[in-house]
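Please work through each one before reading its solution.

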Amino acid sequence: MELSELIKTSKVDHVLLSRPFLQPVKGTLCITSHHLLLSSRAGDKEELWLLLRNIDAIEKRYTGSSGIITIKCKDLCVMYLEIPGMEECLNVAKSIESLSSLESVRHMYPFFYRPKDLNLQEGWDLFTPEEQFTKLSLHTDNWRLSYVNKEFAVCLSYPDAVIVHKSVNDAALLTVASFRQSGRFPVLSYYHKRTGMVIMRSSQPLTGANGKRCKEDEHYLAAVLHPDRKGYIIDTRSTQAAHQAKVKGGGFESKTNYHNWKRLHRSIESGRILQESLIKLVEACNDQSNSTDRWLSKLEASKWLGHVKTVLTNACMAAQCVDREGASVLIHDSEGRDSTLQLTSLAQIILDPDSRTITGFQAVIERGWLQAGHPFQQRCASSAYSHAKLKQEAPVFLIFLDCCWQMTIQFPCSFQFNERFLITLFEHAYASCFGTFLCNNEKERFTLNVKEQTISIWSWMNRPCERKQYINPLYERNNFAIWPSVAPQSLQLWQGLFLRWNRSPEHQNEAWEQINHIMEYSRRKTHPTSTELSAQWEDPAGL
């Protein structure tokens, strides 16, 4: 199929474009295979260059002889096109709907994007497992690089090389993989140099209703623990959900079989609940009524900040186990591709100053999300506006970015990057001209030759002219762990993301003051002191 066949009308004159905080502009609208363009008559200036993949939903209505198309984007922007002629309006709408919902990855824009100043090879090999293992080897020799998953023979959502404990050979790994859902056996996520403890991730064990055991799995986890040391298994499902999974063939690690490992159930929402929370949040932020109380009521009903608090709280708990308890941690949910990655990545950022640099954070995204098998194509298929029936969409990655933003607010000098850096990652996760966030795992990217035929976002973001836009001028390297406060008065709505298109700065500031009042926030101080944070994290989980 040629994409041009989906274009019912390629060019329309006298189209009026209206966008937030900008003067309306009239010009010629052009539809290409991947973009919506509008050029005004004044100096042929391009007034709009919108990637069609960024369109989440469109709505159309007719007034007299013209039609108005409302375009709602995945980056949360809303714009309006007033098009003369009902037939032209209908054709434009049909073209946009068809081209913005392409299912074939090969038809997406990253496979056609070829800027002159970027090349295909650059950026793809910056954060390989081999490079990670080389750095790890400087501090410990207890781990090895395994190619048991070469050509994705064991696990489709793992890379071909993974870091595992040296006491476990590849034959044992194959057995362990068969005992873990989707073959996601425990692998190293982070090594804490100060204590020598580690954070690992995996999927749930397939114990089933009959309590099936796997000696190799038990020996693997036992080998990870230092003598006379304990470990924590953080299961991001509720106890009830874990037991329900056991009836269906899944399960959890029993105390009897996994000695010196303590299991903690810390329920983190995912899937439909998170997606509906995002939809309600954006609806609240778009409320144009003059009732601030109504807007705040909707905001609270979305429970978005509650989800942020839950994730950040459990990430801090995992970091505390490693840094203060001197214990290693294994984190998993059912599949180990969503809330598991939120916690492993955030715990690393809390503990590791390198992860709070631009390059280090890129490494966290690459290794802790992309190579770790987060299904970006499924989770980011739609944003907050789509009318399509929810399938596997969920703002898991956005919650992670929001948690990172919360930490940058509480520790403004400890992060090398700024808010714009995080927003850019959000935008490209949902719609991008780069291939980095395409597909759901490394196997799919390999099959589609993504790394050979598309450009990496890191090659673009690391160009000096681009990178300087992401620098935090207040940054001073902090070699200590940072302990973010999760108290209600410390968590804020991410105005720079959720309110950037629909509220003036003055309205944002006024609204946030009301949020503090309505939610009974007691802002005793702008930032908690280090003593208060230490007290807060003295033992939040009863460890």
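**Exercise 1.** In which sense do strand β10 (residues 187–191) and β11 pair, and over how many bridges?

*Solution.* The model is predicted, with local features needing pLDDT of at least 70, side-chain atom pairs counting only at pLDDT 80 or more, and totals for chains, interfaces and linings using all residues. Residues are numbered from 1 along each chain as its sequence is written, and side-chain values use heavy atoms, leaving out hydrogens and water.

Step 1. Strands are DSSP runs of E with at least two residues, and helices are runs of H or I with at least four, numbered from the N terminus; two strands pair if DSSP finds at least two bridges between them.

Step 2. β10 and β11 are antiparallel, with four bridges; Y191 is bridged to V198 in β11.

Step 3. The two strands form a hairpin with six residues between them, and G196 in the turn has a positive phi of about 80°.

**Exercise 2.** Identify the parallel partner of β11 and describe the strand's two faces.

*Solution.* Step 1. β11 pairs in the parallel sense with strand β14 (residues 328–332) over three bridges, and I199 has V329 as its bridge partner in β14.

Step 1. Buried means under 20% relative accessible area, exposed over 50%, and partly exposed in between (1.4 Å probe, protein chains only). V198 and M200 on one side of β11, and I199 and R201 on the other, are all buried.

**Exercise 3.** Where is N142 found, and which residues does N142 touch?

*Solution.* Step 1. N142 lies in the loop between α2 (129–136) and β8 (143–146).

Step 1. Not counting residues up to four places away in sequence, N142 touches H165 and K166, where contact means heavy atoms within 4.5 Å.
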